[in-house]
Amino acid sequence: MEIPKAYEPQSVEDKWYQFWLDNSCFTADPARVSDKRPAYSIVIPPPNVTGMLHMGHVLNNTIQDILSRKARMDGKEVLWLPGTDHAGIATQVQVEKQLKKEERLTKYDLGREEFLKRVWAWKEKHGGIIINQLKKLGCSCDWTRERFTMDPEYSRCVQKVFVELYKKGLIYRGKRMVNWCPVSQTALSDEEVEMKPQKGFMYQFKVEVVDATPSSHGKVAATPLSPIGAKRDGGVATTSCDGGVAATWLTIATTRPETIPGDTAVAVNPKDPRYAHLIGKHIVRPLPAELPREQKLIPIIGDEHVDFEFGTGVLKVTPAHDKADFEIRKRWNMHLFAQNFPKHSNIPEIGIIEIIDERGTMNDLAGADLKGLDRFKARKVAEEKLTELGALVEAKPYENNVGFSQRADVPIEPRLSEQWFLKYPAVPESKACVAEGRMKFHPERWAKTYDHWLTNIQDWCISRQLWWGHRIPAWSIKFKGKDDPRLAKPLQEMLAEEWEGNEAWTRSLTGTASEETVFDTETPPPIEQGDWTLRAVTFSDLEAAKLKEFGFTQDPDVLDTWFSSWLWPFATMGWPEQTDTLKKFYPTTDLVTGPDIIFFWVARMIMAGYEYMGELPFKNVYFTGIVRDKKGDKMSKTKGNSPDPIVLIAQYGADALRFGTMRSAPLGQDVLFDEKDVELGRNFCNKLWNACRFRQMVGGSDASSLNQPKRDGGVAATSGDGGIAATYEVQGEINSSLLTTDDKWILLKLNEAIREISEALNSYNFSVAVQALYRFFWNEYCDWYVEASKAVFFGTDESRKANTLAVIDFVLSHTIRLFHPFLPFITEELWHGMGYATDMPDHQGGKTIMNAPWPKPFETDFRDAYSLDDCYLEFANDKYEVVTQGRNLRRVGNIQAGKKVKFVIKPSREILPHDSEVIKILLNAEAFEINADYAAKKGTPTAHTPFGELFLPLDGLIDVEAEKARLTKEVEKIQAEITKVEQKLANPAFTQKVPAAVLQEHEQRLVEWRTKLDHVKAALDALG
C-alpha cells in the first residue's frame, strides 16, 4: 500500500491495538510451550485499582513491553500477566474523602457493610481507567488473564496462606510498638514509613536528682541528693536550694518535650564516667506539673545503647511513644529479672504511660496543660510550661529525620498496639538465591541493600485498622470457665485435661474435621474458672458461617495490602491448583519494579515463592530509576512538575513517548525527563516514516504498483508521472557483484547495530539500545547511506538501482524489527505498508511484526557471500571523513550549506568515479575536481583528509578582507565573554553561594566559548 505523506499516530495506534486484541496476539497458550518454543513470563507490578497513569508507570511498563515483544520475536511463548491492586489505605482514603465532600458523612455513619458497597462502586467506576491507559501506551499484556487482588479466587489464596502460616506458628497476635498513622488511624509497616528531614528544635531541660526511699506503708519519700560537685561538661550541676540544702540537677535533651509526661525512666550509659554513679537514683519529672512530687519520681537506669555524644548523654525514656525507648525498657526489666533484685529495691521495673491517643491527641494522662491538644500544639505548650517552671535551659534550631506515613504524608506516631505479626518464612533460601547469583539484580548494587535488610529483618506487622481489604480470617469467642453452658460435654471434659488438638473442636463447632480451620485458646489448659477466649482461624466460607452462628466474632482488622501482593507471581496463575499456566510459566523470567519497593514487594515475593512453590519466583529483577524533571526534582502531581502521559500521547503519539522516555533511562539510574525528549521521539518516528516513503518513491511499492505485472516475482515500480519507471522487487535478492562500498558499509554497520542492540537488551541496558538504534538509523543510515545512494538513483544503471533497493529493503526490514519493541505501532504500520509481511508465514511476521524473527548478527557464510570485510568500513569511513572536512571548510569560509560550490582534491589514493560522485552529492557541490597538480591561492581554506588535500576555492564566493574583519570582531566578542565567565568563576562570593548546577553551567559555558574561539581563530588563520 502507499504510505501516506504524513504520519498520524492516533489513527495508526487505535487501528493496530484493536487488531492485536481481535487476533489474540497477546494471549499466552501453555499448550504451545515446548523446547523449541520456551516460555517467557513476567507479571505486572499491579497498579492501584483507582490509580491514574503517571510517568513512573510509563517507564516501568514500557520496559516490560520491550521485554515481552522482544521475547515474542525470539520465538518464545510470552505471558505478560496484568492486574490491579486493591490498595487498602489509598482507596479507602479516596472513598472517605468523597463521602465527606458529597454527603458530609463518615464511614462510621454508614457502617462497615454499606461503606464497603461504596468502595466497590468506586472501584467499578475508576478501576478500569489505568488499564485503558496502559493499552493506549501499547502494553501487550494478556488481558484475558487480568487479575485483581480482591477477586474471590485470589482472596481465598490470601486466606489459605494466613491459616497455614498461623498453623506453623509464624503468624501471632501481640502487643508491640508499631508505626501509627494518626490520619488513617492504622498501623503501618516500617517499609511504609518515609524518613524526611524536618526543621524543629532541640530542647534542653533540667531535672532534679533525688534519693527515693520506699517507706513501710508503700509510699516513696524523695530527698535531695548529697552534693556531688558541679560538672560543666557533663550536664550535672549542683545548686543551693531554699533552706541551704544543695540540689543536684541533670540536663536532658529532647526534640519532643510534649512526651515528658510519658517518661518512666532516664537512661545513661553505665560506661559514662559523668553519670554512672547516678544509676539507681531518681529524678523529678517536671510534667505534668500538677502531680505531687512523689508521683513524678522516675529512676535513672543504665543502658549501653545510650550515645555518649548525643545531646547531653542523658536520655529520657518514653516506652509508650518511642521504639528505641521501648527496647530500653524491655532490656532493663529483663536485666532486673535476671539479677533477681529484691522486690522492694530502689530500682523498680520500668512502666508504660500512654499519653497520645490514636488521633495524635494528648489524653488525660498528659496532664491538665496538655490534654486535648494536638501533639504538635502540645509541643509548644510544653515548652511554655517548662519555661514557666524554670526547667527549660534552651531551645536550639535542629534538623532531624522524621518518619512520615507514605500514604497520608503526616508524621507517624510510635504506639503500643495489639496487632497481628508475621515471622518471615524461607529467609535463608531468599538470601542465598541472590547471594549465589541464581537470581540476578540489575543493577547489581541493589543486592547489598537486599541482603542487609534480610540480615536485620524484623517481624512484619500485617494487620491494618481499615475496612477495605482482606479481612483477617480469625474468629474468637469468650467463655466463662470450663462449665460454660455453650460448650458440649465432650469439650468440657477435654478442657479439664491436657489440650488434645484441633479435631474435637472442628467436629463439635463446625461439624467436620476439616483442615481449613484451626482452633486454639489464649489460656493454656487445663481451664478451670474465669473468662477465657477460644480462637478459630479458617479459610472456609462454610465453616466461617458456622462459627458466626455459634457466636464467634470475626477480627475487625484487614491484612496489609502487601500481604496479598506478595503472592502475586503464583496466585495469579491459579495456585493452589497446579494449573497448566502455573506449570509452564512459573517461575517467571523477569520482574521490573522500582527500588523503593524492594522490601515491600520484591523480598516478600521471593520468600513466598520459596515457601509455597519451593523455588524463586523470577530469575531477573530490573530496578528502574525515579523519574525526575530536568531540574532533578522528583516528579509529583502535587508539585505540578509531572506531565499527564495521556496528554503527551494525544499530542505526540505513544511511540514518541516510549522512545523519548527510554532514551533518557540509563540502567538503574534516575530518569531526567524533559518533554523535548518526547518531541525528539516524534521527530524520530517522522524520520522513520519518511525514510520508508523515500524507498517507495525511488523504488515503488505503492498501491498502484502492486497491481502492475511482476517480473520474476517482483513488485513493479512507477515513475513520478504515473508511467512504469522500472520493475523493482520488494526485498529482492542482493547481487554481491553490484554492491558499492556504501552498500557494504551500511550492511556492516547494520551488523554492528544488531549485535550492540541485542547485547544491550540482554543486559537490560535499554537506553544503550535506544542510543544505538538512534545512531545507526538517523546518523549512519539516513544521514550517510541514503544520501550516498542518490549517486545510484540519479544515474542510469537500472540493475545497480535494483540492487541498491534490495540493500535498502534488507536494511529497513531488519531495522523496523529492531525498532518494534520500542515503537510497536509505527513499525507494525510500516511492516505491512512496505510489503515486508508479504509471503511471510503467519507465525513469522506474515500476520504481525510481533512474531517476525528478531534480527541476528550475520554469520560468516553471509559475510563471505557478500564480501563484507571490515576494510570496507574503513574505506567508507575515510570517504565520509572527506565530506565532514569539506563541510567544515564551508563553515570556516562562512558559506551556507545550500550554496553550490566547487571543491578540489589533490588525491593521495585512487578515487573511483562512483565514490567521487558520492562525495559531490554529500558535499552539495557544484563540482568535485580531482587534480593532482592543483596549486591553491593563498588564503584558500584547506583540510587534510584520508583521500588527500581538500581545497575550497573562494574565488567569487566571499570578500576575503571583509571576512577577515568579521572574524576579527567575532574573536574580540568571544574573548570578552570568556573574560566575564572567568571573572565569575574566580570570585569566591559567587562560586561558594550558587547551587552546584549553576556552577557547573558556568564551567560548561567557559569550555564552549573557548572551543568557539579556537574555531574562529582557525578560520581567520586560513584566510592568511
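Author: In this predicted model, two rings of Phe, Tyr or Trp count as an aromatic pair if their centres lie within 6.5 Å. The structure holds 57 aromatic pairs.

Reader: What makes the pair of Trp 575 and Tyr 612 edge-to-face?

Author: Planes over 60 degrees apart count as edge-to-face. The planes of Trp 575 and Tyr 612 stand at 65 degrees, with the ring centres 5.4 Å apart, so the pair is edge-to-face.

Reader: Why is this pair said to tie together parts of the chain?

Author: Trp 575 belongs to the loop between helix H16 (568-571) and helix H17 (580-585), whereas Tyr 612 belongs to helix H18 (residues 598-612); the pair therefore joins parts that are 37 residues apart in sequence. Both Trp 575 and Tyr 612 are buried.

Reader: How do you know that Phe 684 and Phe 819 form an edge-to-face pair?

Author: The distance from centre to centre is 5.1 Å, and a pair requires centres within 6.5 Å. The angle between the planes of Phe 684 and Phe 819 is 70 degrees, and edge-to-face begins over 60. Phe 684 lies in helix H21 (residues 675-699) and Phe 819 in helix H25 (residues 798-819), so this pair ties together parts 135 residues apart in sequence.

Reader: Are Phe 684 and Phe 819 buried or exposed, and why?

Author: Buried means under 20% relative accessible area. Phe 684 has a relative accessible area of 0% and is therefore buried. Phe 819, at 0% relative accessibility, likewise counts as buried.

Reader: Why are H30 and H32 called roughly antiparallel?

Author: Helix H30 (residues 960-985) and helix H32 (residues 996-1022) pack at an angle of about 160 degrees, their axes 9 Å apart. Angles over 145 count as roughly antiparallel, and H30 and H32 are therefore roughly antiparallel to each other. The residues of their contact comprise 13 nonpolar, three polar and ten charged. The crossing of H30 and H32 is left-handed.

Reader: Why is Val 1007 called partly exposed?

Author: Val 1007 is found in helix H32. Partly exposed covers the range between buried, under 20%, and exposed, over 50%. Val 1007 has a relative accessible area of 47%, so it is partly exposed.

Conventions. Residues numbered from 1 in each chain as written. Predicted model: local features only at pLDDT ≥ 70, side-chain atom pairs only at ≥ 80, totals over all residues. Heavy atoms only, no water. Axes fitted to C-alpha atoms, helices over the stretch in contact; angles between N-to-C directions. Helix = DSSP H or I, 4+ residues; strand = E, 2+ residues; numbered from the N terminus. Parallel < 35°, antiparallel > 145°, perpendicular 65-115°, else oblique. Left-handed = near helix turned anticlockwise from the far one by under 90°. Nonpolar A, V, L, I, M, F, W, Y, C, P; charged D, E, K, R; others polar. Phe/Tyr/Trp six-rings, centres within 6.5 Å; stacked < 30°, edge-to-face > 60°. Buried < 20%, exposed > 50% of the residue type's maximum accessible area, 1.4 Å probe, protein only.
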